[in-house]
Structures are given as C-alpha cells and as structure tokens.
Amino acid sequence: MESILLDTETRAVVQGITGKVGRAQTHWMVEAGELLVAGVTPGKGGQEVEGLPVYNSVQDAVKNQGVNTSVIFVPPLGVQDAVSEAIDAGIKLIVIVTEYVPVRDTIAIRHRAQLTGTKIIGPNCPGLFVPGLGKLGIMPASIFQKGNIGVIGRSATLSYEVIGNLTDAGFGQTAAVGVGGDPVICTEFKDTLPHFEDDPATEAVVMVCEIGGSAEERACDFISTMKKPVVALVSGKSLPPGKRFGHAGAIVSESGGNAEKKIEALQRAGVKIADSPEQIPVILRQLLRGQESE
C-alpha cells in the first residue's frame with residue numbers, strides 16, 4: 001500500500017522511545033499500525049518498549065532492523081543532534097513531534113535537510129496519519145476513516161476537529177499531515193500539496209490554516225495549477241494585530257499574516273473558503289458532485 005509519505009515499506013524508529021512521552025506515544029502508534037520496528041535511546045540499548053527492541057544509536061537500528069524513517073520525541077535541546085544522527089544514518093523521512101525547539105536549531109535542521117535531500121515534518125507537529133496503514137506522531141486514531149480526502153494543517157487541535165467533522169459527514173481521508181505551528185518549520189503547505197495532487201486516491205484537499213506568517217500565501221502559486229479542488233479553513237479572523245493565537249507561529253504583525261489577506265490570496269488561487277469545520281463537508285460535497293457531472 002502506497003500513500004502520502006508513508007507506505008508498506010516504511011520501517012520507523014522512535015528516537016527517545018524510553019522517555020515518558022516517547023513511551024506513551026509508542027503505545028498508541030503501535031496500536032494504530034505496523035510502521036514501527038525499533039526505538040533508540042543512547043545507553044538504553046537492549047531494552048524493549050511495546051515489544052520493540054531499543055538500540056543505542058540510529059545506526060544500530062538501521063543495521064539490525066532496516067530502519068528508513070524516524071519519529072522524534074527527544075527533549076527540545078536534543079532535537080538537532082537527534083536529527084543529525086538520523087540523517088548521518090541515511091534516514092530520509094523524519095517527523096519531529098517535540099515542541100519548544102529553538103528557532104535557531106530549526107533553521108540549522110532545515111538547511112541540513114535541504115542539503116541531504118531529507119524530508120522533515122515539524123518540529124512541534126502532530127505528525128502523519130494514513131488510515132489503514134498507521135501513524136507517526138500523536139494524531140488520535142479514533143477520528144480517522146479511510147477515504148479520498150487529504151488534510152494538511154498547521155494547528156493540531158483544529159485539524160483534529162476538521163478531520164472529526166469529515167469522518168462524521170462520511171468523508172474518509174487518504175492521509176493527514178500536520179506540518180506544525182512554529183514560526184519556522186521544515187515542511188510547509190507548498191511542499192505537501194504536490195504529494196496529494198499526485199496521489200491517485202486523493203480527490204480533494206483540505207487545508208487547515210491560521211493567522212501568522214505567510215505559509216498559505218506561499219502555497220498559492222502551486223494551488224493555482226492543481227487539478228484537484230482545495231478547501232481551506234482560516235482561523236483567527238477576529239484576532240487584532242500583535243496578539244498571539246495559540247502558538248508562536250500564529251502571530252499577526254502590522255505588515256501581514258492576518259486572516260483577510262490569507263483568504264484573499266487563497267481565493268485568487270481558486271480555493272474555496274469554509275467559515276467553520278462543519279461547513280467543509282458541505283463544500284466538498286458540492287465540489288465533488290460538480291466534478292462527477294462534468
């Protein structure tokens with residue numbers, strides 16, 4: 001089975017698996033699918049967590065388990081070293097769930113990823129979920145249903161609400177990608193949309209947007225070329241300039257980042273705007289019905 005970023009060939013390692021959060025989230029990732037094959041915590045090699053062997057290094061996990069993907073739960077100040085270790089071991093897809101990673105470290109991580117051709121999701125993100133396959137990260141499995149809608153979101157909790165509404169309305173998902181809400185992240189909307197556009201199982205894409213930054217605007221050039229319909233929800237319309245909304249990436253400055261400008265840019269690119277999570281299935285039903293009648 002192939003899907004967005006994950007497939008049946010994915011063999012993932014949990015970096016920081018013996019920590020409190022890593023151990024707890026490993027349980028739920030194992031419950032959701034069979035993507036995990038090992039864990040890594042320096043000095044804890046030889047242990048087991050949720051039936052997974054723990055190694056002292058990513059290189060050991062690659063050598064013994066054929067690992068090709070990593071999900072990171074190490075403390076913030078250890079994330080840059082953990083990413084470097086994974087890249088040095090040949091890992092090409094890394095999900096950084098950890099929050100509070102210093103922006104300076106994220107900039108260095110993103111630069112290293114670009115130089116090595118490594119795909120990094122995050123930091124401070126809920127990760128990836130592919131119904132019927134599994135997850136890397138912290139998205140709750142109970143809200144998902146296999147289907148034909150792709151979801152990309154900055155805000156984890158708002159994405160969960162959107163996905164829950166889609167499922168309740170009978171719209172299953174091909175995959176969900178939580179790109180993260182920090183001011184600097186390694187993968188944006190513009191980097192993720194092409195995966196859904198190329199995926200034959202995805203018929204439409206939902207973007208869960210919010211105020212702050214210009215990630216939505218940077219995605220518009222690609223969106224305008226897409227054959228698949230895109231629906232977006234932009235949160236934070238009533239927040240005044242200079243106020244923080246939820247997390248560090250959602251700050252409106254005097255020069256931009258407000259909801260109105262994002263909505264205008266998205267509409268010019270052909271995106272249909274929803275005013276609430278509940279409205280998204282209504283718009284999707286209209287769009288997909290229109291495609292069938294063409």
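Q: Which residue just after α5 takes a positive phi?
A: This is a predicted model. Just after α5, a phi of about 90 degrees is found, which is positive. The residue with this phi is G170.

Q: How far apart are the end C-alpha atoms of helix α5?
A: Helix α5 covers residues 156-168, and so has 13 residues. At 1.5 Å a residue, the helix should span 18 Å. The model agrees with that expectation, because the end C-alpha atoms of α5 are apart by 18 Å.

Q: The side chain of T187 reaches the backbone oxygen of which residue?
A: T187 sits in the loop between β11 (173-178) and α6 (189-198). With a relative accessible area of 1%, T187 is buried. Beyond its neighbours within four places in sequence, T187 is in contact with K119, I120, I121, V179 and T192. At 2.5 Å, its side chain reaches the backbone oxygen of I120.

Q: How many disulfides does a search of the whole structure find?
A: A disulfide requires two cysteine sulfur atoms within 2.5 Å. For C209, the nearest cysteine sulfur is that of C220, 8.8 Å away, and C209 is in no disulfide. C220 is likewise in no disulfide, its nearest cysteine sulfur being that of C209. Over the whole structure, the number of disulfides is zero.

Q: Is C209 buried or exposed?
A: The cut-off for buried is under 20% relative accessible area. C220, at 9%, is buried. C209 has a relative accessibility of 1%, so it counts as buried.

Q: What is the radius of gyration of the protein chain?
A: The chain has nine helices and 16 strands. For 294 residues the globule rule gives 19 Å, and the chain comes close to this, so it is as compact as a globular protein of that length. The radius of gyration is 19 Å.

Q: Among contacts between residues at least 6 apart in sequence, what percentage join residues at least 24 apart?
A: Of the 294 residues in the chain, 55% count as buried. Its C-alpha atoms fill a box of roughly 55 × 45 × 30 Å along the principal axes. Among contacts between residues at least 6 apart, the share joining residues at least 24 apart is 73%.

Methods:
Residues are numbered from 1 along each chain as its sequence is written. This is a predicted model: local features need pLDDT of at least 70, side-chain atom pairs count only at pLDDT 80 or more; totals for chains, interfaces and linings use all residues. Side-chain values use heavy atoms; hydrogens and water are left out. Helices (H or I, at least four residues) and strands (E, at least two) are DSSP runs, numbered from the N terminus. The expected span of a helix is 1.5 Å times one less than its number of residues. Buried means under 20% relative accessible area, exposed over 50%, partly exposed in between (1.4 Å probe, protein chains only). The radius of gyration is taken over C-alpha atoms; the globule rule is 2.2 Å times the number of residues to the power 0.38. Contact means heavy atoms within 4.5 Å. A polar contact is a pair of N or O atoms within 3.5 Å; within protein, one must be able to donate a hydrogen and the other to accept it, and residues adjacent in sequence count only if both atoms are side-chain atoms.
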